[in-house]
Amino acid sequence: MADVPALPPGGRRRPAFGLRPSSGRPQVRPAPRPAAGRQEDLRCPPVVPPPGDDNFGRKVITFSCCRMPPSHQLNHTRLLEYLKYTLDHYVENDYMVVYFHYGLKSLNKPSLKWLQTAYKEFDRKYKKNLKALYVVHPTNFIKILWNIFKPLTSHKFGKKIIYLKYLSDLREHLKYDQLNIPQEVIQHDENLWRKQKGKLPPVVKIPPPRPPLPTQQFGVSLQYIKDKNKGELIPPVMKETVSYLKRKGLQVEGLFRRSASVQTIKDVQKLYNQGKSVNFDYYHDIHIPAVILKTFLRELPQPLLTFECYDHILGITSVESSLRVTRCKQIIHGLPEHNYVVLKYLICFLHMCRWPLVRDLQAPLDSQRTEVSRESIYNRMTASSLACVFGLNLIWPSKGTVSLSALVPLNLFTELLIDFYMNIFNSRTVPGEILP
C-alpha cells in the first residue's frame with residue numbers, strides 16, 4: 001500500500017476514497033483525521049505509487065491499471081480526487097507520468113464519460129509542466145481512445161504522449177530501477193517478448209564505474225572536489241552557477257522550476273568534469289545553470305544533509321511549531337563541517353531568491369544582499385516553492401526512494417532553513433567559509 005501524509009503542505013486534508021460495498025467485502029470508510037505527525041495508509045489499491053526520478057531529477061509518477069479494482073467496487077469520484085491530490089505535490093515543477101496499460105479490462109475499465117470528466121478536471125495547472133506521458137504496452141483500445149479525445153486536446157499536449165512497446169524502452173528516458181512496477185506488468189512484458197521475439201528480454205549489464213577524473217565535479221564527494229581544488233570549500237560548479245544566477249537570474253519568474261535541454265545539460269556536465277570553463281551566456285537559457293546546480297546536488301554520493309540526518313528531519317512535523325526552528329538548528333549544527341559550509345552557502349543564496357521579501361528582524365542583511373533581495377520580488381519563488389524544488393536534492397534515504405508521506409517533513413524542513421536562515425546559521429562560523 002502507498003502511504004500518504006496526514007496533511008499536505010498547504011494544510012488541505014487528503015481526500016479519502018474507498019471501495020463501494022460488495023457482497024462479503026466490507027466498505028472501507030474514510031479514515032478520521034490523524035494526529036499531527038502520524039502517517040496514514042492509503043486504504044485503497046496503490047493506483048499511484050510513490051514517484052521516482054528521471055535522469056535529471058524530474059518526478060516520474062506511475063499509474064498501473066492492473067491495480068485497479070472492478071468498476072462496481074471503486075468510487076471513481078474519490079479516485080479522481082486522489083489523483084489530483086497526488087499530482088498537486090509535483091505539478092509546480094516539471095514532471096512526467098508513466099502509464100502502465102496492462103491490466104485494464106472490461107471489469108475495471110472506467111466509462112468514457114468519466115474519462116472526459118477527468119480530462120476536464122486536469123486543467124492547465126496539471127498539463128503545463130507535464131513533460132511526457134509514457135504509455136507502456138499500448139493496445140488498439142488505447143490508441144482508438146486517444147483518437148476520440150484528440151479533437152479535444154491541444155497539439156502541444158499530443159506531442160507529449162509517447163508509446164512504448166516494452167519496459168526496456170523506458171531505460172532510455174528515466175531511471176528504470178527506481179520505478180515501482182507491478183510484478184504483473186513485468187510478467188506481461190516477458191510474455192510479449194517470448195511471443196513476438198521467441199526469447200526473454202536481454203539482461204542489461206551495467207558496466208563497472210570508471211575512476212573519476214582529477215577535475216571531476218559530478219558524482220564525486222565534496223571531499224574529493226576539495227582535495228582536487230586546492231582546499232576550496234565551495235565546489236567550483238556551485239560557486240559559478242550561484243554567481244551567475246545571482247547576477248542574471250533572480251528576476252526570472254519561476255526560477256528553478258523549469259527544465260532545460262537534456263543534451264545541453266550533459267554537455268555542460270562534461271565540460272565541468274573535464275575541467276574546462278563554462279560560459280552560460282553562450283546558451284541563452286537561464287534555466288541551464290539552475291538545472292546544473294540541482295543536478296550537482298542530486299548526484300552527490302551522499303546528500304548534502306547526509307543520510308544520518310534523514311530520520312531526524314522526518315521527525316520535524318512532530319515537533320511543536322514554536323520549537324521547529326530550534327530543532328532545525330540542532331540538526332544543522334550536527335552536520336560535518338564541510339557539509340555545513342556548503343549548505344550555508346546554498347541556503348544563503350536561496351534566502352535571497354525567496355519572494356516576497358520577508359524582512360529579517362533578527363539581523364540586518366548588508367546593503368548588497370538587501371538590493372539582491374529586492375530584485376527577487378519578480379521571480380515569484382516563495383520559500384515554500386524553493387523548498388519543493390530543493391528539498392529532495394538536499395536529502396534522500398540511503399535505501400529506496402522518498403515516499404509520498406516523507407515529502408511534507410522534508411519540504412517543511414527545507415522551507416524553515418530558507419525562511420529562518422539568519423537564525424539557524426548565524427551562530428556557527430567555519431574558518432575559510434564564504435557566502436554568495
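What is the volume of the largest cavity? Some notes on that and a few other things.

1. First, the ground rules. This is a predicted model, where local features need pLDDT of at least 70 and side-chain atom pairs count only at pLDDT 80 or more, while totals for chains, interfaces and linings use all residues. Residues are numbered from 1 along each chain as its sequence is written, and side-chain values use heavy atoms, with hydrogens and water left out.

2. The largest cavity comes to about 960 Å³. Here a cavity is a set of points, on a 1 Å grid over the protein atoms alone, where a 1.4 Å probe fits but cannot get out; lining residues have an atom within 4 Å of a point. Its volume is the space filled by probe spheres set on the points, which are joined across faces, edges and corners.

3. Of the 32 lining residues, Tyr-99, Leu-115, Phe-122, Leu-133 and Phe-157 sit closest to the centre of the largest cavity. The lining has 29 nonpolar residues, 2 polar and 1 charged. Nonpolar covers Ala, Val, Leu, Ile, Met, Phe, Trp, Tyr, Cys and Pro; charged covers Asp, Glu, Lys and Arg; the others, Gly among them, are polar.

4. Helix α4 gives the largest share of that lining, 5 residues. Helices (H or I, at least four residues) and strands (E, at least two) are DSSP runs, numbered from the N terminus.

5. Now look at α8, residues 236–248.

Key: The expected span of a helix is 1.5 Å times one less than its number of residues. On a 1 Å grid over the protein atoms alone, a cavity is a set of points where a 1.4 Å probe fits but cannot get out, and a pocket is an open set with protein on both sides within 12 Å along at least five of seven lines; lining residues have an atom within 4 Å of a point.
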